[in-house]
Each structure stands twice: as C-alpha cells, then as structure tokens.
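Student: I have a model open and want to learn how to read it. Where do we begin?
Tutor: With the picture itself, then one feature at a time.

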There are 2 protein chains.
Amino acid sequence: VYAPPIQELVDELGRLPGIGPKSAQRIAFHILKSPAEDVSRLANVIGSAKVRVTWCRHCFNFAEAVAGAEGEAQCEICANPRRDPSVLCVVEEPRHVVAIEKSGWFKGRYHVLMGALSPIDGVFAEQLRIKELLTRIETEGVTEVILCTDPDQEGSATAMYLRDRLKELPQKVKVTQIPVGLPVGSEIEFADELTLARALEDRREVS
Amino acid sequence: VYAPPIQELVDELGRLPGIGPKSAQRIAFHILKSPAEDVSRLANVIGSAKVRVTWCRHCFNFAEAVAGAEGEAQCEICANPRRDPSVLCVVEEPRHVVAIEKSGWFKGRYHVLMGALSPIDGVFAEQLRIKELLTRIETEGVTEVILCTDPDQEGSATAMYLRDRLKELPQKVKVTQIPVGLPVGSEIEFADELTLARALEDRREVS
C-alpha cells in the first residue's frame, strides 16, 4: 500500500515500544506533513542520543556523556552532594528512577540493575549490575538497601536473590522492600506518585 | 529529572501525534538502550523521509520522489493503468487512501484534498486541492466522484461545498457519498475494513 520510503518509515516506527501499526502510520504521515526543520531536529536528536547519553559510572542510571572522558559520566543524582549516600534504592531500569524521583520522597541514591532475573530470557545474575551493587555497599558506607524491583515474577525473583546475596556480606546492612501496595503484575512505572511515596515510606525490613 | 539530551529526546518524541509524556519517556529509554545501528537507521529513515517522499502530481497522495525530476512524482495508484480513471474518490488525507485501499473494494483513483474546510482554523477552499480536482474532472473523463470526506463537521461541510461546486461544472458528473455507516464524529481511518467496503458499495447519489 505504501511507497518504499514510507513503508520503511512505518516499519521503523512500528518497532518502537507501544507503537502499533495504526500509530506507526499516523506518526509517519505526521512526519511527512511536518516542516523539514522539525523533522531534521527529531532525526538529529534521535541520531545523537546514543553518543550524548551513556551510563552513570556509579549507579548505571542514564547520564550525560562527557566529551573526551569515556567512563567518567555520572548522573545528576550521584553528582548531587545533598543526596544521602547511606541509602541505596535498587531498581531494574532507569525509568524506575524517574518514577521514584517524581514521587519526591526519596533522598538517597539509586542503583540500576539494568534488568531483572529471567533465566528463560537468558538473564542471569551475571547479566545484571549485582557485582557492582555489592562493591558499592562494601565501599560507600551504605547502611540501608531498598529493594524496589517490579512486583512481578522477575522482579520478585530478583529481590529474593538479592536478599540472599546481601545476607552474605561481611558488614550488616538493613534490607527493606516496598510493600505490594501496587497491584501485583503491574509496573512501577505506571503507579501514581502518591502511591509510590506512600509505599516507600511504609517499606518494611525483610532481613 | 532528565539529563539535557534525554530531555530533548523526550520532548521531541512527545510532539508526535498520540505520544503522551509516558510513551515519550518509554520510547526515549528504549532508544537509549537499543543497539547504535538500530538507532541510526531510525534517525536516517526519519531524516530522509521528507526528501524521499513527495506529493503525487495527479492526486496529491504521498508518492516516492524521483531524483532529478521534481514535480514529476506519481503515486502507485495513479501509475497503475488498471485503475479506472473514470471514478474519483475524494478524501481529505493520504491516510484515508490507505484505509480505503485496505478495504480492497475500490478500483478507481483518488483525489486528496489535503485537509477539510475549517474557517476557524484558516482552512478555506483555496487551501485545499479543489481547483485541481475540478480540472481533473474536466480533463480526465471522470464520470463519477465519490465524496469520501470524514463524517465529522469539517468533512461534511467540505462534501457539501464540493457538491455545489460540482453542480456548476459544464459536463454532467455523478456525485456520490458513502452513507454514514460509521459513527458520526469518528474518523475514516479507524473504521474496520468490512464496514468501509460495505459503505463504499452502498454509496448513494446525492445530486
């Protein structure tokens, strides 16, 4: 139905998460009707994103890349001296950092695992930033770890695994989890801000 | 909450139709986690779309641009000698061509108005491809014009306006409209294919 360059555009857009065929077409036609400068700004921002954004060397959140200093990037939260380094909130993905930051309650720092355990998908503990988490706890004076993984199967398995690993650490660290105030099987990303703040406040010690 | 390059990416994506702030963030983070080659392919396809796609010189549908032959592009439907040139289906937007093509019933050609009358938005008859439509009818042996604008306020006003203009033509042309089998106020784009095919078949002569 489409000419080849339109088909390619629809196909590429349709690969984005949450974009079905109808949305992909709608966006493609919007792009084709937009002023050329708007379209090239969009293309440039997408094309340069991978160069301009990298991982925070501390917590593996997204961070702005520093030109000429690879591996030196740190996110705004880790760079903020007013954030409490003794409390680490462990999340699966950078988008969960955003969700918790929006709730406004948490004043500590984060550690992004970059996924959750899912053996069926080939994600084992080695694929996650767990070794780096343990090193941070041992070296940064961490006294509390809040396990804030998704309340779904993979997230719960990851939290359970982390509880066991944290027990083995030489120093004593308080391990807490937010209660399942969110519906089981849902995603932290879609919880409302008040629920998240409340859940963080009501966290209970699990070991 | 975001580093500047992430904020720019989220902002640009959030300007696309149907993409709210949560979707924009989801897509942005997906892009940041995707392999660099996938991201540059997406950026290139978007960035080159405006150059590779232009308007069909006959019907104003989207058409693949011909290098070195500006203004010569024609869409695949107009280029197809098996499409009946005596029946013109008049639609507001290229996406409506796609919807009707998918219904599989229509074997004639199209004329895309590139909008609908909406004086409040500054869209008058001169902004639409109405003059070109009248010229086509006079010169291409058109015997039937199907007015297939959206069944909403602007689309109905456009159809009514076109009925009057078509009456003034020197030659006799049959003017038909699809019945409102779709809910009033909805968009043709979102109708299912069977409904559209049925509605096209049941079209009635209105003048």
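Tutor: Start with a cut-off. Buried means under 20% relative accessible area, exposed means over 50%, and partly exposed lies in between. Keep in mind that this is a predicted model.

Student: Is Arg41(B) buried, partly exposed or exposed?
Tutor: Its relative accessible area is 35%, so Arg41(B) is partly exposed. Asp38(B) is partly exposed too, at 31%. These two residues form a salt bridge, with the closest N and O atoms 3.7 Å apart. Both sit in helix α3 of chain B, three residues apart, about one turn of the helix.

Student: Which residues are linked with Asp38(B) and Arg41(B) in a network of salt bridges?
Tutor: Glu12(A) and Arg15(A) are linked with them.

Student: How do I describe the relation between two copies?
Tutor: Two copies of a chain are related by a rotation about an axis and a shift along it.

Student: What about the size of the interface?
Tutor: The size of an interface is often given as the accessible area lost when the parts come together. Chain A and chain B bury about 5200 Å² between them, and 69% of that is on carbon and sulfur atoms. On the chain A side, Arg26(A), Ile46(A) and Lys50(A) lose the most area, together 12% of what that side buries.

Student: How many residues of each chain are in contact?
Tutor: 51 residues of chain A touch 51 residues of chain B. The copies meet through the same surface, because 100% of the interface residues of chain A are also interface residues in chain B.

Student: How many salt bridges are counted between chain A and chain B?
Tutor: Six. Over all chains, the structure holds 20. One pair between the chains is Lys33(A) with Glu93(B), their closest N and O atoms 2.7 Å apart. This pair runs from helix α2 of chain A to the loop between β3 and α4 of chain B. Lys33(A) is partly exposed at 41%, whereas Glu93(B) is buried at 12%. Arg52(A) and Glu8(B) also meet in a salt bridge, 3.2 Å from N to O. By the polar-contact rule, 10 residue pairs are found across the interface. Helix α3(A) gives the most to the side of chain A that touches chain B, with 12 residues.

Student: Now a pair inside one chain. Which residue forms a salt bridge with Glu101(A)?
Tutor: Arg83(A), the closest N and O atoms being 2.8 Å apart. The pair links distant parts of the chain, 18 residues apart: Glu101(A) is in helix α4, and Arg83(A) is in the loop between β2 and β3. Arg83(A) has a relative accessible area of 10%, so this residue is buried.

Student: Where does Ser86(B) lie?
Tutor: In the loop between β2 and β3 of chain B. Ser86(B) is buried, at 18%. Beyond its neighbours within four places in sequence, Ser86(B) contacts Gly141(B), Val142(B), Thr143(B) and Glu144(B).

Technical notes
Residues are numbered from 1 along each chain as its sequence is written. Chains are lettered from A and ligands numbered from 1 in the order in which they are written. This is a predicted model: local features need pLDDT of at least 70, side-chain atom pairs count only at pLDDT 80 or more; totals for chains, interfaces and linings use all residues. Side-chain values use heavy atoms; hydrogens and water are left out. Helices (H or I, at least four residues) and strands (E, at least two) are DSSP runs, numbered from the N terminus. Buried means under 20% relative accessible area, exposed over 50%, partly exposed in between (1.4 Å probe, protein chains only). Contact means heavy atoms within 4.5 Å. Buried area is the accessible area (1.4 Å probe) that two parts lose on being put together, summed over both. A salt bridge is a side-chain nitrogen of Lys or Arg within 4 Å of a carboxyl oxygen of Asp or Glu. A polar contact is a pair of N or O atoms within 3.5 Å; within protein, one must be able to donate a hydrogen and the other to accept it, and residues adjacent in sequence count only if both atoms are side-chain atoms.
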